[in-house]
Amino acid sequence: MSEARVGATDGMETSYGFTTVSGREEKQARVNEVFHRVAERYDIMNDLMSGGMHRLWKDALVNWLAPSRRPGWRFLDVAGGTGDVAMRIVEASGRQAEGTVLDINGSMLAVGAERARKRGLDGNLLFVEGNAEDLKLESGGFDAYTIAFGIRNVPRIDLALAEAYRVLKPGGRFLCLEFSEVDLPGLDKLYDLWSFRAIPAIGQAVAKDRESYEYLVQSIRRFPNQANFAAAIRKAGFDRVTHRNLTGGIAAIHSGWKL
Ligand SMILES: C[S@@+](CC[C@H](N)C(=O)[O-])C[C@H]1O[C@@H](n2cnc3c(N)ncnc32)[C@H](O)[C@@H]1O
């Protein structure tokens, strides 16, 4: 049922889940359609699809980042969608951090901006429409760059990593949370069943949208495994590249430093 994972980042430009599309423009257009469709229900669907686990994984990212409580500490959350990770970072900084949530999809950002306003975090967060592959942001301006469940949707991962490196200050930290390769015998079979049977069915039942959720599941399987993704991060120039597996490798956090 599952397709082979790609190598370093090969094939990601034209893989839309298990379908090969004509090029990166088509991939991005299709991805954008998915997130326009799911934006309003994105947060509730995350809870349903992961059994709430995405909250623990995001908290693990924020704990590893250990945001500074120093006023003026700046972070960029790319593919930040509805602002879930950015809001956790701001809270963990004692509401000191200044964050930019960047996403290519205005529908996701609109949901995020409204959530931030309701929580009184709109003074800490700026919501900006943009492409991870070509950040229209100054070089060396951020203390940290985060991206959660976003990079597998970006066609040119190598460009996104190069941009991450560029916008970080020297000494800045890169952290990426993404679905990865399960390394626990037994868990992989269960996870396959959950992914390919349950998640599309939940998508159909709750959001009347099986196809978007099929894409989400398939795109996870096409994404490079821990070692291959770490190699791509190193190639972009990052130092001290390490990763931590979460829940037997269902997800992993990759860390790197601009030194
Ligand atoms: C699965 S959501 C993750 C949202 C959020 N980070 C979270 O963890 O809840 C993936 C996000 O990636 C965004 N995205 C896809 N391609 C992008 C690109 N080229 N540049 C920036 N964001 C992109 C989508 O619009 C979507 O909001």
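I started with Glu178 and looked up its bridge partner in E9, which turns out to be Ala252. Keep in mind that I'm working from a predicted model here. That pair belongs to a set of seven bridges between E7 and strand E9, residues 251-257. The two strands run antiparallel.

Next I checked E7's pairing with strand E6 (residues 142-148). I found six bridges there, and E6 and E7 run parallel. As a landmark for this pairing I noted Ala144, which sits opposite Arg173 of E7.

What do E6, helix H6 and E7 make together? I get a right-handed β-α-β unit, with H6 covering residues 157-167.

**Ligand site**

For Ala148 I have a polar backbone atom 2.8 Å from a nitrogen of the ligand. Gln28 uses its side chain: an N or O atom there is 3.0 Å from a ligand nitrogen. With Lys58 I again looked at the side chain, where an N or O atom lies 3.1 Å from an oxygen of the ligand. How much of the ligand's accessible area does the protein cover? I read off 99% of the 600 Å² that the ligand has on its own.

**Backbone angles**

Most residues other than glycine have a negative phi, and I went looking for exceptions.

Ala66 is one I wrote down: its phi is positive, about 45°, and it is not a glycine. I placed Ala66 in the loop between helix H3 (53-65) and strand E3 (74-78). Buried or exposed? Ala66 is exposed, at a relative accessible area of 53%, and the cut-off I used for exposed was over 50%.

I also wrote down Lys208, another non-glycine residue with a positive phi, near 50°. Lys208 is in the loop between helices H7 (187-207) and H8 (210-222). I looked up its accessibility too: Lys208 has a relative accessible area of 62%, so I logged it as exposed.

Definitions and conventions. Residues numbered from 1 in each chain as written. Predicted model: local features only at pLDDT ≥ 70, side-chain atom pairs only at ≥ 80, totals over all residues. Heavy atoms only, no water. Pairing = 2+ DSSP bridges. Helix = DSSP H or I, 4+ residues; strand = E, 2+ residues; numbered from the N terminus. Right-handed = clockwise from strand over helix to strand, strands pointing away. Polar contact = N/O pair within 3.5 Å; in protein donor to acceptor, adjacent residues only side chain to side chain. Areas by Shrake-Rupley, 256 points an atom, 1.4 Å probe, with all protein chains shown as cover. Buried < 20%, exposed > 50% of the residue type's maximum accessible area, 1.4 Å probe, protein only.
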